[in-house]
Amino acid sequence: MLLKQLSVFLENRPGRITQVTKVLDEIGVNISAFSIADTSDFGILRMIVDNIDAALQALKAQGFSVRTTQVVGLVVPHQPGGMHQALEHVDKAGIEIEYMYAFAYNSKAAVIIKADDTLKLVNVLTESGYHVLQEGELMHE
Amino acid sequence: MIWNEHAECMDREQLLRLQNERLRNMVSRLYYNVPFYRKKFQEAGINPGDITGIDQLKDLPTTKKQDLRDNYPFGLFAVPQSEIVRLHASSGTTGKPTVGGYTRADLRTWSEVVARSLYAAGVDKNDIVHVSYGYGLFTGGLGIHQGAQKIGATVIPASGGNTKKQIQIMHDFGSTVLACTPSYALYLADTMKEMGMDPSELKLRRGIFGAEPWTEEMRKEIEAKLHLKAMDIYGLTEVMGPGVAMECEHQQGLHIFEDHFIPEIVDPVTLQPVPYGQVGELVFSAVTKEGMPLLRYRTRDLTTMTIEKCTCGRTLARLTKFLGRSDDMLIIRGVNVFPSQIESVLLEMSETEPHYQLIVDRINNLDILEICVEVNEAFFSDEIRQMEGLAKKIKANIESVLGISAKIKLVEPKTIERSEGKAKRVIDRRKLID
Ligand SMILES: [Zn+2]
């Protein structure tokens, strides 16, 4: 029930993100979701891709610091306050969110969430009837 | 293993008599054959006959690197050029190179001390010695080469560069000993990893590393990455080349081959000897050298020395701790800073690779120290908070060791320039402004 996210350490230098997308493009890896978190000196590029092993290998070969992290992909119910209600369940369960970012999934909205206890997050969301994305689901849309 | 038990395990009183005799001989050669020294002796009112032993070394003139520059290229040679059979030079980062001239006997002495060094490291005729020190004017390549040949080892004169091919050769020829700079050893390890090669596929068991300062932590890293025992060798072109001092298998400091190179540890300001165990500048008198015998040559290396007998049986004095080269010393906001101190801090925090660069600048009359540190994969986190935490931790540790604050910049792996020879650790932009 967990998705594997690819994170890349980037210095704040012009063209670094393009370098990453170029590597992925060259090996035919598609990016389903991505976000950048940055400070004044460096940034962390986080992505969900369709072939994480190939992406990992190709980026490492190019000298990037790369790692994979388990995250949760939540499809946000298409109704007013849908996101808010979902997060209320998370709060109630005492789960702390480290970060999250949104992306489009089958013309719906979805969010990637990294929490202090990712497994618990999945359980809470599934038990409350939410659609939690599975690995592979994004590829075969 | 001891190559020359007579010389290396000599009773210290006997050694002293030998040193006294050799010093007297050297002083008279310098007085009569080198105008530079004759002038210095005369200015100091010293006659060669006044010198009876090494207890008088402290009264003799010292030799500085600048003296070599002033007498460039052959002004300090003590024999006619026809007696010189080899020249070496070390590339100075500023100004002219430092030249060393060797007679046939000097080359014999040099091979002898390198042979002793290799034996001390546990290397013998059964070994295949892969020499990745540069061959050429640099003393590293040919220096180790001659000594390895003397003990009957199989020598691979690989020289520097073409790293992937070197790894291939090491693999195919079954090299058991690697001789190179410690930073090149790490570079080799990194390249092997890139090539997808496991170091355990190689037969390496010993490393003879020197020609640049390195730390205990760096040693551990090299040993872990290359699966060999890393041994420290010391030397400098002005005195001879590699083989002036060498670690034995007990690794309790570097044994100085004192029958050829008389060491002193002196106060860098007063030039008077400091007691054993105290930090001072290392000074050498190359008493048996014919080509270019330097008297009390100031190495600029800060270190400590002991004459306690080593577990290995050698009676030779040992250099116990190198605390940096005073050439590398940076004065930042009035504080003496050695790059080696920063390296130690980074390596104690296992999260970081030992690849770093110090950038010193002066902004509004204030010295600014920036330390670029490469972030390795093991530490890299997808959370900003943790990455900032790393930077803060490095900053705090550096501050507690140096007593000055530094800006920490985390950079991508392999962005700090790797040189296949010596590592460029410091960029001092203040010099450009001055
Ligand atoms: Zn010893």
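## A buried glutamine

Leaving aside residues up to four places away in sequence, A:Gln5 touches A:Arg46, A:Met47, A:Ile48, A:Ile52, A:Arg67, A:Thr68, A:Thr69, A:Val71, A:Tyr99, A:Tyr101, A:Ile112 and B:Asp382; a contact here means heavy atoms within 4.5 Å. A:Gln5 is found in strand S1 of chain A. Helices (H or I, at least four residues) and strands (E, at least two) are DSSP runs, numbered from the N terminus.

With a relative accessible area of 0%, A:Gln5 is buried. Buried stands for under 20% relative accessible area, exposed for over 50%, and partly exposed for what lies in between (1.4 Å probe, protein chains only). The side chains of A:Gln5 and A:Tyr101 are joined by a polar contact of 2.8 Å. A polar contact is a pair of N or O atoms within 3.5 Å; within protein, one must be able to donate a hydrogen and the other to accept it, and residues adjacent in sequence count only if both atoms are side-chain atoms.

## About the model

This is a predicted model, in which local features need pLDDT of at least 70 and side-chain atom pairs count only at pLDDT 80 or more, while totals for chains, interfaces and linings use all residues. Residues are numbered from 1 along each chain as its sequence is written, chains are lettered from A and ligands numbered from 1 in the order in which they are written, and side-chain values use heavy atoms, with hydrogens and water left out.

## A helix in chain A

Let us turn to helix H2 of chain A, residues 52-61. Which of its residues are buried? They are A:Ile52, A:Ala55, A:Leu56, A:Ala58 and A:Leu59. These buried residues pack against strand S1 (3-11), helix H1 (16-26), strand S3 (42-49) and strand S4 (66-75) of chain A. After H2(A) comes A:Gly63, with a positive phi near 90 degrees.

## Where the chains meet

Chain B gives 20 residues to the contact and chain A gives 25 residues. Between them, the buried area is about 1800 Å², with 53% coming from carbon and sulfur atoms. Buried area is the accessible area (1.4 Å probe) that two parts lose on being put together, summed over both. B:Phe380, B:Asp382 and B:Glu412 supply 41% of the area that chain B buries against chain A, more than any other three residues.

How many salt bridges are there between chain B and chain A? The count is six, where a salt bridge is a side-chain nitrogen of Lys or Arg within 4 Å of a carboxyl oxygen of Asp or Glu. One salt bridge pairs A:Asp41 with B:Lys407 (3.5 Å, N to O). On the side of chain B that touches chain A, helix H11 (384-402) and strand S18 (407-411) of chain B are the elements that give two or more residues.

## Salt bridges within chain B

Over all chains, the structure holds 32 salt bridges. One of them joins the side chains of B:Arg314 and B:Glu8 (2.8 Å, N to O). B:Arg314 lies in the loop between strand S12 (297-306) and strand S13 (318-325) of chain B, and B:Glu8 in helix H1 (residues 5-8) of chain B, so this pair ties together parts that are 306 residues apart in sequence. Both B:Arg314 and B:Glu8 are buried.

B:Glu216 and B:Arg219 also form a salt bridge, with their closest N and O atoms 3.1 Å apart. B:Glu216 is partly exposed, at 43% relative accessibility, whereas B:Arg219 is buried, at 7%.
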